[in-house]
Every structure is written in C-alpha cells, then in structure tokens.
Amino acid sequence: MFIVHVDIDAFYASVAVRDDPSLRGKPVAIAGSHRRAVVLTASYEARPFGVRSAIPLYRALELCPHLIVVRPEMAKYKEISREVFAIFGARGHAVEGLSLDEAFIDVGGVTLDEAAAFAQTIRADVRAQVGLTISAGVASGKMIAKVASDNCKPDGLLAIAPGEEAAFLAPLPVGRLWGIGPKTAARLNEHGIGTIGQVAELDDARVRQLFGSWGIEVRDLARGIDRRTVEPERETKSISTEETFEYDVRDERVLISLLRDFAKELGEKLERENCTASTVGIKIKRADVRIFGRQTHLSEPTRDPRRIYRAALHCLQRAHLNGTPIRLLGLRVASLTQGDAKQLGLFG
Ligand SMILES: [Mg+2]
C-alpha cells in the first residue's frame, strides 16, 4: 500500500508569479496590509534572504529591502484549490486535504513504480491545467511521504521503496520527525542525539526516559513505521477558513493576528450569504499533525467580525497552547441561520 503526498510549491507566491510574469525570478512575499501582517508565503528567490512564512512583514522587508509584497487573494486560492483537488481525486482514490494546496492520497495496493507513475501524472496534470508546479513524495506511510516531498522541492518527485524508509530518514535532523519541535530537538542535541537514525537505535527504557509515554511511537516513526491511514474529510454545514504554515508557529501573537483576519473574512462571507452563526470554533493542527479543536456557543447568533473574533480568542485561550508548535490554524462558524440576527447593543 502506498501513500502519495502532494504539495504545490510556494503556493500563494507561485500563483502571483503565474498571473504576473513580470514577478518571475524575483523575491516575492504574500502578506496582508495591516500593521501586524505576517508573511504567508515567500517565493524561492526570497528564501535565501531569510524571508519565510510566519515572520512579520516588517522583518521580511529588513532582511530583503527589494522584496515585492503582494496581497493575498483568498478567493482565487480557493478556486485553484478546488481545481487541484479535483485532479488529486480524479482516479477515485481517497484524498485527505491538509490545506488548500496539500494532500495525502491513498493509492492502495499497487507497485512502487505504479504509485510513482500516478504521482507523476498528477504533477503533469496540475502543471498543464493549473499552471503551477507541485512536488510529490511516495512512500508506505504518511510522514515519510511528506518528508520525501519536502526533500525534493521545488518541482520534484521522490519515491521511497519499501524497506528503505529507515535508511532514508536516518541521516535527517531529528527535528524533521513529526512531534519534535526545535525545543525538543535542542534538548535531544544536548543528549548527543542529532539525527533520526540515532532515535531509531534507542532502547525502550531510553526512549521512555527521553520522550515519556509516546517514546515508542516516536521511535517507530524514526524507524519508518507509520500506520496512520488517509482520512478523507466529511462534509459539514459550516463556513471555515484556515492557514497552513510552512514553518511551525509558536508565537501566539501570530495566531491572534490571523484569527482577526479570519473573523473578518467569515463575517463578510456570512454577510454575503445572509446568514448568522451561533457556534464559533477553532481548529489547530500541531506540528506532529495531530488535530484538535475548541468551540463555543454564542448567546445569540451573529455575523459581526468583532464578536466572532472575541469568541475565537476565547477558544484559543482554552486550547492552552503554551508555545506548542502549530502547523495549521483554522476558524469555523457553524449552526448557521438564514436571515438577519438581532444586533442588540452593537450600534447603540
Ligand atoms: Mg505548498
């Protein structure tokens, strides 16, 4: 059984370059216009300057004064996302979306060559039909497929043969393992553990001592054993938006700033659809790809971005992140009602 991980290269920045060829070959960052805007995506030309996702825009401009800043166009990205996901699912395989431009595809019981050929077809179709480059990793498990696609970016394909997983992972820094953030990686380095291969060799007592109750799981991952399956998403009656970071985010101020943007976006969408919502929830994907959420019910339905934002902040506080590395943040409104809500006191 093989899993393919597919991921558009520098998605938002690539869209900007696709639609304005004068940007080609130049350092480009996608970022909002408000005071505390952060870089959402940087083109590969901007990255050598240290410009990357989730850093504040003012810092990016210090690092690269000739950086070209382009505003995000969420509606366009969502439209492109629908196109690429239609390509991902065109052969009927199970698709688990991780963000607008990134997914796992379960290609089932085929040979490695067939799985790689499928990944190559997807890459060619996305390039031909959407005009963007995509990288793909093929492996027996999710994490390895993802590490493989990250390692062959941009515009690459990397297939890891069964039995080769541990050897592929072994030389990589320990921080590439799901669930190992920079803090844990630094602590492991102090114990003389710098590579994934070194984790794979630890005995039971040592992994428990270093990682606690999930030590065995971490060592299994380091050995290339990953039994997590591809889980297609279910349809829900809600409106949501989310952002995946290319780098793990620990700074709560970045998350708060994004929630403000999300609340505005969802408020506008509710306005357009003439709906109000009485449930607000956040979705958080940790760096180890564990997903969890917090939600709250409002005393009365609303479409006011400020009230959605305040409810979202309440959810964020209840998530007790305390610097946990975050890979994705989402905001969702549900329990939708058609028509106007009473907005008592709002304009009083
Ligand atoms: Mg991507």
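The questions and answers below concern a predicted model of one protein chain.

Visitor: How many helices and how many strands does the protein chain have?
Guide: The model is predicted, and its helices and strands are counted along the protein chain. The count gives twelve helices and twelve strands.

Visitor: Why does the protein chain count as compact as a globular protein of its length?
Guide: The globule rule gives 20 Å for 348 residues. The C-alpha trace spans about 65 × 50 × 45 Å along its principal axes.

Visitor: What share of the residues of the protein chain count as buried?
Guide: A residue is buried if 20 or more other C-beta atoms lie within 10 Å of its own. Of the 348 residues, the share that counts as buried is 39%.

Visitor: What percentage of the contacts with a separation of 6 or more is between residues 24 or more positions apart?
Guide: Two residues are in contact if their C-beta atoms lie within 7 Å. Among contacts in the protein chain with a separation of 6 or more, residues 24 or more positions apart account for 63%.

Visitor: What distance separates the centres of domain 2 and domain 3?
Guide: The domain assignment places domain 2 at 13-70 and domain 3 at 166-222. It also gives domain 1 (2-9 + 74-161) and domain 4 (238-338). Taken over C-alpha atoms, the centres of domain 2 and domain 3 are separated by 33 Å.

Visitor: Which strands are the edge strands of the open sheet of five strands?
Guide: The order in this sheet is β5-β6-β1-β7-β8, with mixed pairing. An edge strand pairs on one side only, and this holds for β5 (94-99) and β8 (157-159).

Visitor: Which residue in β6 does V95 stand opposite?
Guide: β5 and β6 (residues 102-108) run antiparallel and are joined by five bridges. In β6, the residue opposite V95 is I105.

Visitor: At about what angle does helix α5 run to β7?
Guide: Helix α5 covers residues 142-151 and lies across β1 (2-8), β6, β7 (134-139) and β8. Its angle to β7 is about 145°.

Visitor: Which residue takes a positive phi in the hairpin of β10 and β11?
Guide: β10 (residues 275-286) and β11 (residues 291-302) run antiparallel, joined by eight bridges. G281 stands opposite Q295 in β11. The hairpin has four residues between the strands, and the residue with a positive phi, near 70°, is V289.

Conventions:
Residues numbered from 1 in each chain as written. Predicted model: local features only at pLDDT ≥ 70, side-chain atom pairs only at ≥ 80, totals over all residues. Helix = DSSP H or I, 4+ residues; strand = E, 2+ residues; numbered from the N terminus. Rg over C-alpha atoms; globule rule 2.2 N^0.38 Å. Buried ≥ 20, exposed ≤ 12 C-beta atoms within 10 Å, placed from the backbone. Domains from an automatic or database assignment. Pairing = 2+ DSSP bridges. Axes fitted to C-alpha atoms, helices over the stretch in contact; angles between N-to-C directions.
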